[in-house]
Amino acid sequence: MKRLFVDSDITSAETLPSFFYNDDEYFEASKQKIFSRSWQFACDSSLVRVAGQVAPCILLKDFLDEPVIFTRDQNDRVNCLSNVCTHRGNLLVEGNCVLHGLRCRYHGRKFTLDGKFMSMPEFEGVKNFPSSKDNLPGIPFDSWGPFMFASMRPVAPLQSFMDDMFQRMSWFGPGNLKVDSSRSKDYLVKCHWALYCENYLEGFHIPYVHNSLNDELDYGSYTTKLFPFSVLQTGYGKNSAGTFRDLPAGPGDKGSVSAFYYWIFPNLMFNFYPWGISVNVVTPLRKDLTRVSFISYVLDESLLGEGAGAELDKVEREDEAIVENVQKGIASGSYISGRYSPKRETGTHHFHRLICDFMND
Ligand code: FES
Ligand SMILES: [Fe+2]
């Protein structure tokens, strides 16, 4: 596999080469190199609120497909464990439940809720048994408000990936957020996952692609801030309608904010609006097909129809139409790479640089 290179100097840099999007090899390798080593949104923390609750989930379903379980054990501690029985690999837990311990229904192996091997029938005489290998492996995890995250082999703690969001948005009251499934929706987009993300990472296209969003946002004051593994774009309102009221003073917050758009490497977006948060999870399905799950966490329903967060479905369809065109362009033999606007595409440049770091490592 050829090494990827994007110059750190945006004024000299060329964008990621098209072979990254077009070659199956890079798509397959990104699973281990990018997605296993970053943090995935796993489930809602309400699933393990009381001791004994057990919640299975599949990390990045249909791509990473890692079966894990969250448990709250009898000591009131939350655990994240592999959901794979250490005997012959059966999945241990198939649905949310309340249990005293875990018992595999294939041959009866038992574990405690924090993953320790307890017992196994018909294993008399087996040498060096049980050993630590018979415990369920723990999976690194962490949480913020209702969001539980897990990672198979994180390059850094969750805090390093989301530090700015945790600090800047603590006033938002993440503990009060409630998932609203009726307003959540999946979109299938015919493009490479990275094309979807890099489109999200620049507001450059807003005046060209999103006419009604452009009526809300003041393009001139739109800002992009880069952090080690995340990017914050802030959209300021043309007027105060639909913007945050009582926004605390913080670094760079100039009032009349319509939306804080956080992207967390590689595939998570947390869009903060006065009504709540729209979380986007981007799942690669094929190198030219991507699922984008919109999950709504509502704080104040009365504000749902206002401002930059009002017409998310329309904005999404506008983005899909454009990135599906880009997919066709990238797949054609006539495009290799392009250049960046130093003023408007720092987020996309940062994303491409992170892809190079993770893929080359
Ligand atoms: S696979 Fe679980 S006990 Fe055999
Ligand atoms: Fe867009």
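**Core, metal and one serine**

Mentor: Start with the largest nonpolar core. It has 87 residues, and Trp 193, Phe 270, Phe 272 and Ile 355 touch the most other members. Keep in mind that this is a predicted model.

Trainee: Which element gives the most to this core?
Mentor: E14 does, with seven residues. There is also a second, separate core of 12 residues, including Val 48 and Val 68.

Trainee: What does Trp 193 touch?
Mentor: Leaving out residues up to four places away in sequence, its contacts include Phe 20, Phe 27, Val 282, Phe 351 and Ile 355.

Trainee: New topic. What coordinates the iron ion (ligand 2)?
Mentor: His 205 and His 210 each use NE2, and Asp 319 gives two OD contacts, at 2.0 to 2.7 Å. In sequence the spacing is H-x4-H-x108-D.

Trainee: Is the site of the iron ion tetrahedral or irregular?
Mentor: Irregular, because the angles among its four donor atoms run from 54 to 149°, while tetrahedral needs all angles between 85 and 135 degrees.

Trainee: His 205: buried or exposed?
Mentor: Buried, because its relative accessible area is 11% and the cut-off is under 20%. His 210 is buried too, at 1%.

Trainee: Back to E14. Where does Ser 258 sit?
Mentor: In that strand, which covers residues 257-264. Ser 258 is buried, at 1% relative accessibility.

Trainee: What lies 3.2 Å from a polar atom of its side chain?
Mentor: The backbone nitrogen of Gly 237. Ser 258 also touches Phe 272, one of the core residues that touch the most other members.

Notes. Residues are numbered from 1 along each chain as its sequence is written. Chains are lettered from A and ligands numbered from 1 in the order in which they are written. This is a predicted model: local features need pLDDT of at least 70, side-chain atom pairs count only at pLDDT 80 or more; totals for chains, interfaces and linings use all residues. Side-chain values use heavy atoms; hydrogens and water are left out. Helices (H or I, at least four residues) and strands (E, at least two) are DSSP runs, numbered from the N terminus. Buried means under 20% relative accessible area, exposed over 50%, partly exposed in between (1.4 Å probe, protein chains only). A polar contact is a pair of N or O atoms within 3.5 Å; within protein, one must be able to donate a hydrogen and the other to accept it, and residues adjacent in sequence count only if both atoms are side-chain atoms. Contact means heavy atoms within 4.5 Å. Donors are N, O and S atoms within 2.8 Å of the metal (3.2 Å for Na, K and Ca); water is not among the atoms, so sites may look incomplete. Four donors count as tetrahedral if all angles lie between 85 and 135 degrees; four count as square planar and six as octahedral if opposite donors are over 155 degrees apart and all others between 65 and 115; anything else is irregular. A nonpolar core is a set of buried Ala, Val, Leu, Ile, Met, Phe, Trp, Tyr and Cys residues joined through side-chain atoms within 4.5 Å.
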